[in-house]
Amino acid sequence: MFNTYHRHYDRFMGLFNLHRPADIGREMVADGRGRLLDVAGGTGFIASALSGRFAQSVVLDCSAPMLSVAQERGQEVCLASALSMPFADEAFDTVMCTDALHHIKDFDAAISEMSRVLKKRGLLVVLEFHIKGILGWLLLLFERLCVDRSNFLTPAQLEDLMTKHGFSGRSRPISGICYIYEGQRLPEGNS
């Protein structure tokens with residue numbers, strides 16, 4: 001689906017105010033020196049909005065057409081899966097994954113990879129949707145009919161999963177349907 005609608009994706013996300021770069025940016029305290037990895041970052045919209053905060057940003061996605069839009073925005077791109085990233089351990093200061101984790105079928109493997117490429121004490125920011133209320137159920141129906149068999153985690157489920165993978169963090173709602181998780185990768189033995 002993303003390969004087909006890559007030219008319309010940002011317009012759709014903007015129509016429903018789902019990108020949320022300002023909310024994501026508030027979680028980040030980078031000062032222009034670090035490296036950002038946008039996992040499943042698609043068109044690079046959010047990485048582009050935040051690029052001034054980082055010395056380097058990389059958009060990773062498995063859709064070449066989506067990444068072509070990111071390249072048009074001047075973003076460095078990497079065509080790869082979130083389950084097997086071609087980066088060295090501890091290569092990034094900040095990793096973000098926005099509106100994407102629910103499309104990744106193996107949460108554990110994806111979060112393990114994000115942890116692997118993130119520096120100790122690095123920041124992980126995840127924006128996801130909470131399937132509750134009428135808006136949540138409409139989103140779930142849309143995803144199931146038009147996109148894929150997305151699996152959504154509640155904020156508590158995501159926090160538990162992140163703790164299991166060595167992160168210390170919290171989630172908070174940012175709209176009636178969106179929530180954001182911010183966590184720090186702890187050195188081994190401190191989880």
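The model is predicted: local features require pLDDT of at least 70, side-chain atom pairs count only at pLDDT 80 or more, and totals for chains, interfaces and linings use all residues. Residues are numbered from 1 along each chain as its sequence is written, and side-chain values use heavy atoms, with hydrogens and water left out.

**Overall fold**

The protein contains 7 helices and 7 strands. Helices (H or I, at least four residues) and strands (E, at least two) are DSSP runs, numbered from the N terminus. Along the sequence their order is α-α-β-α-β-α-β-β-α-β-α-α-β-β. The protein has 191 residues, and 50% of them count as buried; buried means under 20% relative accessible area, exposed over 50%, and partly exposed in between (1.4 Å probe, protein chains only). Its accessible surface is about 8900 Å², with 54% belonging to carbon and sulfur atoms; these areas come from the Shrake-Rupley method with a 1.4 Å probe, and for residues only the protein chains shown count as cover. A contact means heavy atoms within 4.5 Å. Of the contacts between residues at least 6 apart in sequence, 63% join residues at least 24 apart.

Strand E7 spans residues 178–185, and because 6 of its 8 residues are buried, the strand is largely enclosed by the rest of the structure. Two strands pair if DSSP finds at least two bridges between them. The pairings of E7 are set out below.

| Strand paired with E7 | Sense | Bridges |
|---|---|---|
| E5 (residues 118–129) | antiparallel | 7 bridges |
| E6 (residues 167–173) | antiparallel | 7 bridges |

Within E7, Ile180 is the bridge partner of Leu127, and Tyr181 is the bridge partner of Ser171. E6 and E7 also form a hairpin, with 4 residues between them.

**Glu113 in helix H5**

Helix H5 (residues 107–117) includes Glu113. Glu113 has a relative accessibility of 12% and therefore counts as buried. Apart from neighbours within four places in sequence, Glu113 is in contact with Ala82, Leu83, Ser84 and Met85.

**Confidence**

The predictor's confidence in each residue is given by pLDDT, from 0 to 100. The protein has a mean pLDDT of 82, and 71% of its residues reach 70 or more. Confidence is lowest in helix H1 (residues 9–15), with a mean of 55, and highest in strand E3 (residues 76–79), at 98. Where pLDDT is low, the predicted coordinates should not be read in detail.
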